[in-house]
Protein chains: 2
Amino acid sequence: MQKLVIPRKTVYRLSLYYRALQRLRTNNIETVSSAALATAAGVKPTQLRKDLTYFGNFGTRGLGYNVEALSRRLTEALGTTQLQPVILVGAGNLGSALLRYPGFAKEGFEVVAAFDAKPLRSREKELGIKVLPMTKLAQFVTEQRIKMAILTVPGNVAQEVTNELIASGVLAILNFAPIILQVPDNVVVNNVDLAIELENLSYFIQ
Amino acid sequence: MQKLVIPRKTVYRLSLYYRALQRLRTNNIETVSSAALATAAGVKPTQLRKDLTYFGNFGTRGLGYNVEALSRRLTEALGTTQLQPVILVGAGNLGSALLRYPGFAKEGFEVVAAFDAKPLRSREKELGIKVLPMTKLAQFVTEQRIKMAILTVPGNVAQEVTNELIASGVLAILNFAPIILQVPDNVVVNNVDLAIELENLSYFIQ
DNA sequence: CTGTGTGAAGGCTTTCACAGCC
DNA sequence: GGCTGTGAAAGCCTTCACACAG
């Protein structure tokens with residue numbers, strides 16, 4: 001399966017489809033048309049169908065898609081079949097909140113450890129997880145073969161921490177720091193910048 | 001100025017440029033080349049220049065851009081010249097963290113009120129803001145002419161709350177609920193879905 | 001007759017190549 | 001010489017139109 005051929009945007013939408021399918025599953029719906037699923041995912045039906053053809057033909061003409069089967073195929077494609085361990089670096093305001101956020105576990109990610117320059121912060125409420133000092137970071141990542149990290153450190157140390165993560169073997173970073181991280185080609189970064197999202201909205205309501 | 005001509009992606013990148021410019025400003029750098037600014041913003045120099053031409057010519061050939069002037073022009077374009085009041089709906093884990101998050105204020109947004117179905121939660125630590133019951137939402141939005149809202153309610157009530165926001169006059173929503181909101185054409189929604197971002201990363205490290 | 005699968009067309013963005021100005 | 005500004009080309013993604021299967 002040559003996954004390099006699949007457009008980035010398609011991959012992103014696969015997650016949207018998967019989400020929508022989960023809702024259908026909990027409602028015990030067995031079959032869904034591209035029109036219905038597309039609406040739930042916020043895209044056009046033709047786009048949904050086109051996206052799915054990158055992975056094969058799962059639909060039944062005249063009927064639609066089997067929710068269960070399509071759902072399973074998407075987890076395979078996304079690589080979320082087995083639980084993926086993740087670490088979180090920077091247990092400040094945002095970091096702590098994310099540790100308590102149930103959304104990750106629900107989607108198959110387990111935050112296995114958190115790191116902070118001042119690990120004593122952990123007192124402030126059971127986060128349900130150990131907060132380790134930064135000095136333990138490299139060893140932990142290497143030994144546990146961690147591949148994914150959530151980065152919620154201040155912008156001025158983000159690049160430095162990133163370098164350490166990459167040196168230890170991390171391949172994917174979800175970055176909340178308001179900085180463009182410089183990383184080698186084999187490392188993927190997704191940026192979530194809350195202030196920029198607001199700023200962007202602000203443009204459209206002028 | 002016909003702003004409808006400007007590509008969405010360009011608008012988004014303007015924020016990145018603005019960010020990078022702020023850093024240069026604090027370092028008292030007066031002039032910057034498209035190459036340097038592009039690197040800081042994570043884009044190609046030609047793209048940066050192309051993006052800027054949508055707003056006019058600010059560069060000096062052979063020299064670069066004046067940091068101060070370009071910076072000012074970008075705030076104008078983005079509509080962040082004056083402080084924009086924002087409300088937050090849903091003061092749970094994530095919502096509370098965002099209330100304490102300094103990033104918004106730093107970029108010119110003031111969260112003027114928070115709303116929650118169970119406003120008593122507010123006790124849990126001074127959030128530095130009143131948490132009002134949902135019953136006060138419509139009146140507040142109307143009276144204060146609020147245009148922007150951050151939505152951090154559970155997915156199953158997100159659409160319902162959205163309808164209320166829109167009916168009261170909100171035009172832009174930063175949505176953290178894992179749902180595609182159905183809104184009229186004159187309303188803008190930006191989605192931030194943390195689980196999907198992780199899922200997306202997971203695909204690329206297979 | 002309904003709804004998928006898909007080559008082809010269309011539209012949008014990015015990148016190139018180079019003219020133009022300091 | 002250095003760096004911006006920009007039409008033109010290339011690339012990418014979305015949408016259309018319709019063949020085809022149940």
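In which loop of chain B is Arg145(B) found? Arg145(B) sits between α7 (137-144) and β7 (148-151) of chain B, where helices (H or I, at least four residues) and strands (E, at least two) are DSSP runs numbered from the N terminus. The model is predicted, so local features need pLDDT of at least 70 and side-chain atom pairs pLDDT 80 or more, while totals for chains, interfaces and linings use all residues. Residues are numbered from 1 along each chain as its sequence is written, chains are lettered from A and ligands numbered from 1 in the order written, and side-chain values use heavy atoms, without hydrogens and water.

Arg145(B) is not a glycine, yet its phi is positive, near 50°. Arg145(B) is exposed, with a relative accessible area of 68%; exposed means over 50% (1.4 Å probe, protein chains only). Asn28(B), in the loop between α1 (8-26) and β1 (31-32) of chain B, also has a positive phi, of about 55°.

Around DNA strand D there are 23 residues, of which Arg13(A), Arg61(A), Ser34(B), Arg61(B) and Tyr65(B) come nearest; a residue is near a strand if one of its heavy atoms lies within 4 Å of it. Polar contacts (N or O pairs within 3.5 Å) are listed below.

| Residue and atom | Atom of DNA strand D | Distance |
|---|---|---|
| Arg49(B), side-chain N or O | base nitrogen | 2.9 Å |
| Phe58(B), backbone N or O | phosphate oxygen | 3.4 Å |
| Gly62(B), polar backbone atom | sugar or linking oxygen | 3.1 Å |

Key. A polar contact is a pair of N or O atoms within 3.5 Å; within protein, one must be able to donate a hydrogen and the other to accept it, and residues adjacent in sequence count only if both atoms are side-chain atoms. Buried means under 20% relative accessible area, exposed over 50%, partly exposed in between (1.4 Å probe, protein chains only).
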